[in-house]
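Visitor: I have a new model on the screen. Please show me how to read it, feature by feature.

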Amino acid sequence: AAEALAPSLVTLTFIGEHVFTAFFCLEFLLNWRVFGLVHFRPTTPDGRANFVDAVLAIGTGVLLAWVIPLVALILGVEGNKGAWRSLSVLRALRLARLVRVFRKLPLFREAWMLIRGLSDSARTLLWTVVVVFFVTYTFAIFGI
């Protein structure tokens, strides 16, 4: 898949991966320095969120971006990168942290109400799409 992309795009994503991994490590170290390890204990809701965040940053960031490629380089092993890359999808779970911030800030109260309204009406919207599909399909059959 990476062969089909432009070399500049591959280079940009490679650099971005390392920059964001360094950023997540810095965030983790600053949280650890300021709040201590108590901040990452999974006994409270905030602690659970911070623990999962740290596991995702360290596991999918540091491990997949820095440790495994370094060990493979040292050992001279060419492995299946696709299997390890599929785990990097877990980084998308970090976006859940943005939802927590988005929900708690008073500045985004109206926007959060819109998002909540859309999510509450998702079932109705789904059935609306299904009905529109079948109506369009029926008229397409009779139009032939």
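Visitor: How many helices and strands are there in the protein?
Guide: Six helices and zero strands. From the N terminus on, the order is α-α-α-α-α-α. Keep in mind that this is a predicted model.

Visitor: What share of the 144 residues is buried?
Guide: Buried residues make up 15% of them. The protein exposes about 11500 Å². Carbon and sulfur atoms supply 76% of that area.

Visitor: And what share of the contacts comes from residues 24 or more positions apart?
Guide: Take the contacts with a separation of 6 or more. Residues 24 or more positions apart account for 57% of those.

Visitor: How do I describe two packed helices?
Guide: Use the angle between their axes and the distance between the axes. Here, α1 covers residues 7–35. It packs against α2 at about 140°, and the two axes are 10 Å apart. That angle makes α1 oblique to α2.

Visitor: Which residues of α1 and α2 make the contact?
Guide: On the α1 side, they are Glu17, His18, Thr21, Ala22, Phe24, Cys25, Glu27 and Phe28. On the α2 side, they are Asp53, Ala54, Ala57, Ile58, Gly61, Val62, Ala65 and Trp66.

Visitor: Is the crossing of α1 and α2 left-handed or right-handed?
Guide: Left-handed.

Visitor: Which way do residues three or four places apart point in an α-helix?
Guide: They point the same way, because an α-helix has 3.6 residues a turn. Now look at α2 in this model. Its buried residues include Asp53, Ala54, Ala57, Gly61, Val62 and Ala65. Those residues also belong to the contact with α1. Gly47, Ala49 and Asn50 are among the other buried residues of α2.

Visitor: Where is the kink in α2 centred?
Guide: On Leu63. The helix spans residues 45–75, and the kink is about 55°. Just after α2, Gly76 takes a positive phi of about 70°.

Visitor: Let me try a single residue. Why does Gly47 count as buried?
Guide: Because its relative accessibility is 2%, and the cut-off for buried is under 20%. Gly47 lies in helix α2. Beyond residues up to four places away in sequence, Gly47 touches His39, Phe40, Arg41 and Pro42. Compare sequence and space too: Leu37 is 10 residues from Gly47 along the chain, and their C-alpha atoms are 9.6 Å apart.

Visitor: Where does Phe40 lie?
Guide: In the loop between α1 and α2. Phe40 is buried, with a relative accessible area of 9%.

Visitor: Which residues does Phe40 touch, leaving out those up to four places away in sequence?
Guide: Phe28, Asn31, Trp32, Gly47, Asn50, Phe51 and Ala54. Phe40 and Phe51 are 11 residues apart along the chain, with 4.8 Å between their C-alpha atoms.

How values were computed: Residues numbered from 1 in each chain as written. Predicted model: local features only at pLDDT ≥ 70, side-chain atom pairs only at ≥ 80, totals over all residues. Heavy atoms only, no water. Bend = angle between axes of the 7 residues up to and from the residue. Helix = DSSP H or I, 4+ residues; strand = E, 2+ residues; numbered from the N terminus. Buried < 20%, exposed > 50% of the residue type's maximum accessible area, 1.4 Å probe, protein only. Contact = heavy atoms within 4.5 Å. Areas by Shrake-Rupley, 256 points an atom, 1.4 Å probe, with all protein chains shown as cover. Axes fitted to C-alpha atoms, helices over the stretch in contact; angles between N-to-C directions. Parallel < 35°, antiparallel > 145°, perpendicular 65-115°, else oblique. Left-handed = near helix turned anticlockwise from the far one by under 90°.
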